[in-house]
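Please examine the structure shown below, and then follow the explanation of how some of its elements are arranged.

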Amino acid sequence: MCLTIPAKILSVEKPLPGSKSANITVEASGAVKTIKAVGLTGLRPGGWVLCAYNTAVRAISEHDAGEILALLEPKMHMDTTALDPGFSDILKSASAGELTREGIARLLKTEDKLELETLFAEANTVRQARLKDFFCIHGIIEFSNCCVRECFYCGLRRSSEDVLRYRMTPDEIVAVAGDAVKRRGYKLLVLQSGDDFYYTDEMLVDIIRRIKKGCKAFIFMSVGERSLECYKAMKEAGASGVLFRFETSNKRLYDSIHPGQSYDKRIQLLKGMKALGYYIASGFIIGLPGQTLEDLADDMILMKALGVSMVSAGPFIPCALTPLAGHKAGGAMMTLKVIAISRLLLPRAKIPVTTALETIENEDGRRLGLSSGANSLMFNLTPEPYRGDYRIYPDKYHGREEMWEKYGLFKEALSYKMLEKKMFEAFETDK
Ligand code: 5AD
């Protein structure tokens with residue numbers, strides 16, 4: 001679903017007799033415009049509505065409007081005359097679409113308050129200019145925590161003995177997806193599992209077909225390394241995208257923490273998925289042991305080269321009983337820098353605030369992420385009793401999702417067609 005924007009009502013025109021639709025003049029995001037309100041009652045000057053694409057979808061209280069406006073608050077004007085000219089030059093070339101490895105590493109390196117504020121403000125401005133206030137909330141269903149891999153960082157690795165393993169049945173998955181779309185208003189669902197071959201290609205295809213038959217939604221598959229034939233069949237069954245991280249662009253680092261897997265194979269698979277016509281959501285882990293700022297710069301350059309439509313990058317979080325348990329977590333600040341630079345590199349990409357950032361920063365992670373260039377959130381739809389057992393890392397954050405869902409745009413509010421168009425626009429890759 002999309003996040004709607006609060007608008008203050010300035011005046012309300014009388015609806016034509018027999019019509020449910022009235023024109024209202026509102027002020028939203030600093031602009032005054034006349035929009036349509038369909039089937040809403042009790043609208044009056046001084047009141048508030050939530051709107052999306054020039055349509056008021058619901059009346060809300062001033063308090064609720066304040067809650068969301070605080071999130072979208074524009075940055076204050078800053079005096080950038082004191083900025084290091086080298087730093088300003090990098091930002092200038094970024095806005096001309098040219099960011100080099102050295103430039104990115106320089107941006108990643110900064111700890112200077114003014115430079116950081118300028119970077120985040122610039123990313124926020126790019127987000128606003130290119131995507132307007134189009135925020136989305138997507139849902140993720142973690143349908144199995146079984147995995148055949150041994151990734152050094154992951155709490156669900158095959159040999160983790162403290163994990164209570166579960167597998168949702170196809171019926172359960174289809175039911176949860178249908179409910180999320182039809183009742184809760186989600187439009188994009190990620191179906192995620194470990195690399196779990198209990199689910200055959202045919203089972204995955206069947207799950208996708210059944211979900212697509214029952215409701216209208218974009219489905220992104222995040223089921224790990226499977227054959228290209230499997231990905232082809234899932235695409236034909238109706239999957240739109242894949243969420244498949246390359247984890248790190250440093251081949252030596254990749255191979256050292258993924259026993260039995262190969263960096264080259266993973267990149268080949270990603271390229272194959274792209275060639276199949278999938279929207280690609282991909283990215284990397286921030287703060288892996290031995291990872292340098294140049295590695296992170298390469299990660300971002302690789303994301304662009306792969307033509308990702310959605311960035312998926314989050315901080316490393318150490319997980320007990322894994323080989324990297326004693327290694328320190330990736331920082332929230334570094335993650336925000338990655339979000340901001342990704343926005344400069346890929347102005348129209350979807351950049352979600354990842355659960356890992358929310359986990360280290362809680363509610364503030366969402367606000368900080370969204371004001372540093374991110375434009376979507378990923379909410380957990382995994383049902384109880386499974387939810388707590390999908391422990392890629394400990395203490396995953398799931399707070400206040402109802403508060404956010406309140407601002408989501410629900411199916412009955414606007415025609416699906418309009419949303420679909422917007423969605424495809426948002427998924428167009430930056431050329
Ligand atoms: N910290 C951060 N991210 C992790 N992932 C797995 N384990 C961790 C961890 N400990 C990420 C990987 C994987 C995604 C599903 O979760 O990047 O692709």
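Which residues in α5 meet which residues in α6? The model is a predicted one, in which local features need pLDDT of at least 70 and side-chain atom pairs count only at pLDDT 80 or more, while totals for chains, interfaces and linings use all residues. Residues are numbered from 1 along each chain as its sequence is written, and side-chain values use heavy atoms, with hydrogens and water left out.

In α5, Pro170, Asp171, Ile173, Val174, Ala177 and Lys182 meet Met203, Ile207, Arg210, Ile211 and Gly214 in α6; contact here means heavy atoms within 4.5 Å. These contact residues comprise seven nonpolar, one polar and three charged. In this division, Ala, Val, Leu, Ile, Met, Phe, Trp, Tyr, Cys and Pro count as nonpolar, Asp, Glu, Lys and Arg as charged, and the others, Gly among them, as polar.

Helix α5 spans residues 170-182 and helix α6 residues 201-214; they pack at an angle of about 30 degrees, with their axes 9 Å apart. Axes are lines fitted to C-alpha atoms, for helices over the stretch in contact, and angles run from 0 to 180 degrees between N-to-C directions. The two helices α5 and α6 are therefore roughly parallel to each other (angles under 35 degrees count as such).

The strands come next. Helices (H or I, at least four residues) and strands (E, at least two) are DSSP runs, numbered from the N terminus. Strand β3 (residues 21-28) pairs with strand β2 (residues 5-12) in the antiparallel sense over four bridges, where pairing requires that DSSP finds at least two bridges between two strands. Ile9 stands opposite Val26 in β3. Strand β4 (residues 31-38) also pairs with β3 in the antiparallel sense, over eight bridges, and Val32 in β4 is the bridge partner of Glu27.

Conventions: Angles under 35 degrees count as roughly parallel, over 145 as roughly antiparallel, 65 to 115 as roughly perpendicular and the rest as oblique.
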